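Subject: Structure for you to look at

Hello,

Here is the structure I promised, with the sequence alongside. Please open it first, then read my notes below.

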Amino acid sequence: MNSSSKSEQEIDVEGVALQQPLVSVSVSFPKLKRRVLILGVGPLARDLCQTLLSKRTGFTEVVGFLDKDTSRIGERLVNPSIIGTYDQLFEIAERYQVHTVAVCLEDRRAVLPVQTLLDMKAMGRDVVDGHYLYEEESG
């Protein structure tokens with residue numbers, strides 16, 4: 001083994017020299033992943049989810065979508081599905097250990113859970129506009 005090549009070792013198999021890495025590491029660090037919950041199910045929410053999933057950096061995980069209609073819970077939109085309603089925002093964020101809530105609502109005036117979002121922000125969770133996150137992630 002060459003002293004300058006510390007990460008590889010040579011193996012001689014019947015006269016054929018092969019080089020093999022000493023250590024092959026494929027480790028997932030779930031605590032380092034940013035867990036994103038998407039509030040809304042419209043086109044922006046779907047586009048944002050597809051963009052986050054296409055990055056494949058392994059540092060972002062979309063846990064699911066929230067909708068106002070309880071009958072849609074379980075419906076698969078992209079890869080994650082609708083996992084709850086707007087009224088369940090706080091409980092779902094706690095259960096799935098969400099770091100970021102992306103607000104992707106078409107009409108925010110009547111349905112935006114303002115107090116819950118403010119409480120989450122005060123607890124240290126990121127609450128971001130879906131358009132902003134989409135632009136940030138898509139480049």
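Let me start inside the fold. Valine 62 has a relative accessibility of 9%, so it counts as buried. Remember that this is a predicted model.

Valine 62 sits in strand β4, which covers residues 60–67. What does valine 62 touch, not counting residues up to four places away in sequence? The list is Val36, Ile38, Cys49, Leu52 and Pro80. Take leucine 52 from that list. Leucine 52 and valine 62 are 10 residues apart in sequence, and their C-alpha atoms are 7.5 Å apart.

The chain as a whole

The chain has 139 residues, and 33% of them count as buried. Its secondary structure comes to 5 helices and 7 strands. Read from the N terminus, the order of elements is β-β-β-α-β-β-α-β-α-α-β-α. Take the contacts between residues at least 6 apart in sequence: 60% of them join residues at least 24 apart.

The sheet

Which strands form the sheet, and in what order? There are 5 of them, in the order β5-β4-β3-β6-β7. The sheet is open and the pairing is parallel. β5 (82–85) and β7 (126–129) are the edge strands, each pairing on one side only. On average, neighbouring strands are turned by 30° against each other, direction ignored.

Now look at β3, residues 34–39. Of its 6 residues, 5 are buried, so β3 is mostly covered. On one side, 6 bridges join β3 to β4, and the two run parallel. β3 is also joined to β6, by 4 bridges, and this pair runs parallel too. Leucine 37 stands opposite valine 101. Leucine 39 stands opposite valine 103.

Strand β6 covers residues 100–103 and is joined to β7 by 4 bridges, again in parallel. Here threonine 100 stands opposite aspartate 126 of β7. In a regular strand, side chains alternate between the two faces of the sheet.

Helix α5 lies across β3, β6 and β7. Its direction is about 85° to β7.

α5 (residues 130–138) also packs against helix α1 (residues 43–55). The angle is about 30°, and the axes are 10 Å apart. Angles under 35 degrees count as roughly parallel, so α1 and α5 are roughly parallel to each other. Their crossing is left-handed.

Which residues meet here? From α1 they are Leu44, Asp47, Leu48, Thr51, Leu52 and Lys55. From α5 they are Gly130, His131, Leu133, Tyr134, Glu137 and Ser138. By class, the contact has 5 nonpolar, 4 polar and 3 charged residues.

Two residues at this contact

Threonine 51 belongs to helix α1. Is it buried or exposed? Its relative accessibility is 11%, so threonine 51 counts as buried. Leaving aside neighbours within four places in sequence, threonine 51 is in contact with Tyr134, Glu137 and Ser138. Threonine 51 and glutamate 135 are 84 residues apart in sequence, yet 9.7 Å apart in space, C-alpha to C-alpha.

The cut-off for buried is under 20% relative accessible area. Glutamate 137 is at 14% relative accessibility and therefore counts as buried. Its contacts, leaving aside neighbours within four places in sequence, are Arg34, Thr51, Leu52 and Lys55.

Leucine 52 is worth a click on your screen. Leucine 52 is in contact with glutamate 137, and valine 62 touches it as well.

Best wishes

Methods:
Residues are numbered from 1 along each chain as its sequence is written. This is a predicted model: local features need pLDDT of at least 70, side-chain atom pairs count only at pLDDT 80 or more; totals for chains, interfaces and linings use all residues. Side-chain values use heavy atoms; hydrogens and water are left out. Axes are lines fitted to C-alpha atoms, for helices over the stretch in contact, and angles run from 0 to 180 degrees between N-to-C directions. Angles under 35 degrees count as roughly parallel, over 145 as roughly antiparallel, 65 to 115 as roughly perpendicular and the rest as oblique. A crossing is left-handed if the near helix is turned anticlockwise from the far one by less than a right angle, and right-handed if clockwise. Contact means heavy atoms within 4.5 Å. Ala, Val, Leu, Ile, Met, Phe, Trp, Tyr, Cys and Pro count as nonpolar, Asp, Glu, Lys and Arg as charged, and the others, Gly among them, as polar. Buried means under 20% relative accessible area, exposed over 50%, partly exposed in between (1.4 Å probe, protein chains only). Two strands pair if DSSP finds at least two bridges between them.
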